[in-house]
Amino acid sequence: MRNHSHDATHPGGPVVSAEPDPAAEPAGLRLAGGRAVEEPPGAVPPGGGGAADDAWRPPNRMQAILEATKQVAGLLKSAGHPFALAGSVAAYAHGVPASLQHDTDFAILREDANAVAQELEKAGIEVYKPPEDWLIKATAHGENIDLIFELARHPVTPDLLGRAEILPVDSVRMPVLAPTDLVGSLLAAFSEHHCDFGAVLPIARTLREKIDWDLLRRENQGAPMPEAFLYLLERLNVIEPREGAP
């Protein structure tokens, strides 16, 4: 497992640019598990524009992401490592209209990280350890794979993985984060550096009947960005107002 060191990390916190652009992720960074991570060495971030960006994108980006997802999930299943699909591909598995543009996130247990890395490397998938200590990264079918031990600073636990639902992803069945856990991880990721309500709104709208909103309110009480998003959902009549609200 390769280990690339960079000087752009901030010990104990997320990686951010000195002056973050609220409309875009900083160059060379990408969100995973609710925090910014550095791109693999030599990668060209999506949306960069120009010939380099065109060359970097596969002919069918969505299908490439799904193929990478299926390959890694198959390896994890065969080896018996507990995991759950997270992020935008998990939302797609739950029936949210597809908007796959970045990568695939898998939630795994921290104690399984080395064994998972070895399993992927045996299959010819490049794995490396980024500066951040809460995930490992891989590349399959030209797409980024994030294997995450913490979702928005909350450790992945056996209970979390045990609540996962078995769903088909492009005909391959695999564990997928339960709707409440999925949306909870997205809410917990909101911060002053990342607050893309527009990306999470269609997920919340599609899955609203399957989510324990009272639980998410309790878990995010006092957190300004998640509370603002929940209030927005109320005003849009996506969810019912909390009891006792004016």
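The side chains of D146 and K137 are joined by a polar contact of 2.5 Å; polar contact here means a pair of N or O atoms within 3.5 Å, where, within protein, one must be able to donate a hydrogen and the other to accept it, and residues adjacent in sequence count only if both atoms are side-chain atoms. Before I go on, this is a predicted model: local features need pLDDT of at least 70, side-chain atom pairs count only at pLDDT 80 or more, and totals for chains, interfaces and linings use all residues. Residues are numbered from 1 along each chain as its sequence is written, and side-chain values use heavy atoms, with hydrogens and water left out.

Back to D146. D146 sits in strand β8, residues 143-148; helices (H or I, at least four residues) and strands (E, at least two) are DSSP runs, numbered from the N terminus. D146 and K137 also form a salt bridge, with the closest N and O atoms 2.5 Å apart. The rule for a salt bridge is a side-chain nitrogen of Lys or Arg within 4 Å of a carboxyl oxygen of Asp or Glu. Both partners, D146 and K137, are buried, and for D146 the relative accessible area is 0%. Buried means under 20% relative accessible area, exposed over 50%, and partly exposed in between, with a 1.4 Å probe and protein chains only.

How many salt bridges does the rule give? The count is 9. Another of them pairs R217 with E234, at 2.9 Å from N to O. R217 belongs to helix α8 (residues 213-219) and E234 to helix α9 (residues 224-235), so this pair ties together parts that are 17 residues apart in sequence. R217 is buried at 14% relative accessible area, and E234 is buried at 11%. There is also a network: E67, K70 and D170 are joined by salt bridges that share partners.

Next, helix α4. The side chains of K122 and E119 meet in a salt bridge of 3.7 Å, N to O. The two residues are 3 apart in helix α4 (residues 113-122), so about one helical turn separates them. K122 is exposed, with a relative accessible area of 66%.

Which residues of α4 are buried? They are A113, V116, A117 and L120. These residues lie on the same side of α4 because they cover an arc of only 100° around the axis, the arc being that of the directions from the helix axis to the C-beta atoms. On the other side of α4, the exposed residues are N114, Q118 and K122. The buried residues of α4 pack against α2, β5 (103-108), β6 (126-129), β7 (135-140) and β8. Just after α4, G124 has a positive phi of about 85°.

Take V116 from that buried set. V116 is buried at 1% relative accessibility. Leaving out residues up to four places away in sequence, V116 touches L76, H81, I108 and L147, where contact means heavy atoms within 4.5 Å. V116 and L75 are 41 residues apart in sequence, and their C-alpha atoms are 8.9 Å apart in space.

Last, the core. A nonpolar core is a set of buried Ala, Val, Leu, Ile, Met, Phe, Trp, Tyr and Cys residues joined through side-chain atoms within 4.5 Å. The largest one has 65 residues, and those with the most contacts inside it are V72, F106, L120, L147, W213, F229 and L233. Helix α2 (residues 61-79) supplies the largest share of this core, 7 residues. Beyond its neighbours within four places in sequence, L147 has contacts that include V72, F106, V116, L120 and W134.
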